[in-house]
Amino acid sequence: MSLFGDALSWITDGAHWGGPTGIDHRIVQHLLVTFAAVALAALLALPLGVLIGHTGRGRLVVVALAGAVRAVPTLGLLTLLGLALGIGIEAPLLALVALAFPSLLAGAYAGVEAADRGAVDAARAVGMSEWQLVTRVEIPLGADVILGGIRAATLQVVATATLAAYISDTGLGRYLFSGLKSRQYDEMLAGALLVAGLALVLDLALATLQRASRPTTGKVPS
Amino acid sequence: MGIEFRDVGKTYPDGTVAVTGFSCTVPSHRTLALVGTSGSGKTTLMRMVNRMVEPTTGTVLIDERDVQGLDKVELRRSIGYVPQAGGLLPHRRVVDNVATVPVLTGTPKRAAREAALALLELVGLDPALGRRYPTQLSGGQQQRVAVARALAAEPNILLMDEPFGAVDPIVRRGLQDQLLQLQAELGKTIVLVTHDVDEAFRLGDEVVILRTGGIVAQTGTPKEIMAAPADAFVRDFIGSDRAERSLRTVEVDGLSLVVDGDGRPVGVLE
């Protein structure tokens, strides 16, 4: 049988489901790590991005910083953090937060910045406060791009969350690392397939959400 | 009463001088037209009234009160604003665009919408258009919506920034007629910015012609300016020497025809 077939039968083998090392459990772990990392990064990146997009200030500094963060290799950062924080989920979580940050930030400021300047100026001139401008004009008009950033960040994180298993017993990455070590290539490939499948499902869900968030303007999207 | 510009100036941080030492009073219920080429500071002056621009020197007063002492947001809500090219919110229906300010100031949505539909009718639009989004309207219709939005909070003052600049001449003429008719009914205090001297003469009770840097070339009623242009700049700006400005009459079949400098007929003398 081919390796691919072996991997599929590994996944469908009932013995690999259920329990603390089962596929279902690891999928849930993997998703939790992904959501936690994206949510933690979003907590800081989205307000910061909206602020930059709204005021047009600090753009150069923050964009340069985000670019620098983007250039940091996640595995290297993970090793470094692991040495500092020890075995456990903290180090991989932090590394994934750093990974998600630039995409979220870029999406937030680009979305807010792209809101029709004429409409924003007029809204300010008729008496919207800065807060109302942000929440009622800029974010609704930029929601599509902001969600695009969240989508990109989630996709990167869900794939890279595999590395969490490097220094903790968490997520689908476990199958890759243990399969590699014990030369169980069916298990390894099964892990990779599961991660890829999860990424596809998440991306599809977020793409649907992104489409739904596009503001209704009566214009046929070009 | 009305609006008073008292020796105002605006110099931007990069050193660009937009306006210097401008003084002018707009009496209540009258229309002031600020006219000039681009870079003459006319929009800057108008935006000082609702504090979209803060003067670096001098003061702007509304009914004797310095606008600097008023809350920006409150002030802007109390003044109607018609921007260049609509400036409507693309993600909101026309009726909700018109109701923007009343909703911000706490009018219940339903009441604000009903009032908005009545305003659409007032500016000559079919209230059925209220359900549409701004992009589904023509440029002229969008400008009418912008005027309706400006009137929604029942302001005493209207600021209009080249409100009819982005539409074709025939539509522009219709919008100007509509504004004159509205003004005869409502009697707002209007500051209108335009680069079109004919529009300024048509809509303004008082006209200020500005040179580059916000320096006043001449202030007066349209008649005064037409009859006695202050200098060569004003003569040139209002086109005193253009053929369509030098009219004379000729007798044809017992009628007095008015013809322009090129001899083309423009009308019949009554």
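**Exercise 1. State the order in which the elements of chain A run from the N terminus on.**

Solution. The model is predicted; local features require pLDDT of at least 70, side-chain atom pairs count only at pLDDT 80 or more, and totals for chains, interfaces and linings use all residues. Residues are numbered from 1 along each chain as its sequence is written, with chains lettered from A and ligands numbered from 1 in the order in which they are written.
1. Elements are DSSP runs numbered from the N terminus: helices (H or I) of at least four residues, strands (E) of at least two.
2. The elements of chain A run α-α-α-α-α-α-α-α-α-α.
3. The totals for chain A are ten helices and zero strands.

**Exercise 2. Determine what percentage of the residues in chain A is buried.**

Solution.
1. A residue counts as buried if 20 or more other C-beta atoms, placed from the backbone, lie within 10 Å of its own.
2. Of the 222 residues in chain A, 41% are buried.
3. The C-alpha atoms of chain A fill a box of roughly 70 × 45 × 25 Å along the principal axes.

**Exercise 3. Describe the open sheet of chain B and locate its edge strands.**

Solution.
1. Strands pair if DSSP finds at least two bridges between them.
2. Six strands of chain B take the order β6-β7-β8-β3-β9-β10, with mixed pairing.
3. The edges are β6 (79-82) and β10 (215-220) of chain B, each of which pairs on one side only.
4. Within chain B, β3 (residues 31-36) and β8 (residues 189-194) pair in the parallel sense over five bridges.
5. Leu34(B) stands opposite Val193(B) in β8(B).

Methods: A residue is buried if 20 or more other C-beta atoms lie within 10 Å of its own, exposed if 12 or fewer, and partly exposed in between; C-beta atoms are placed from the backbone.
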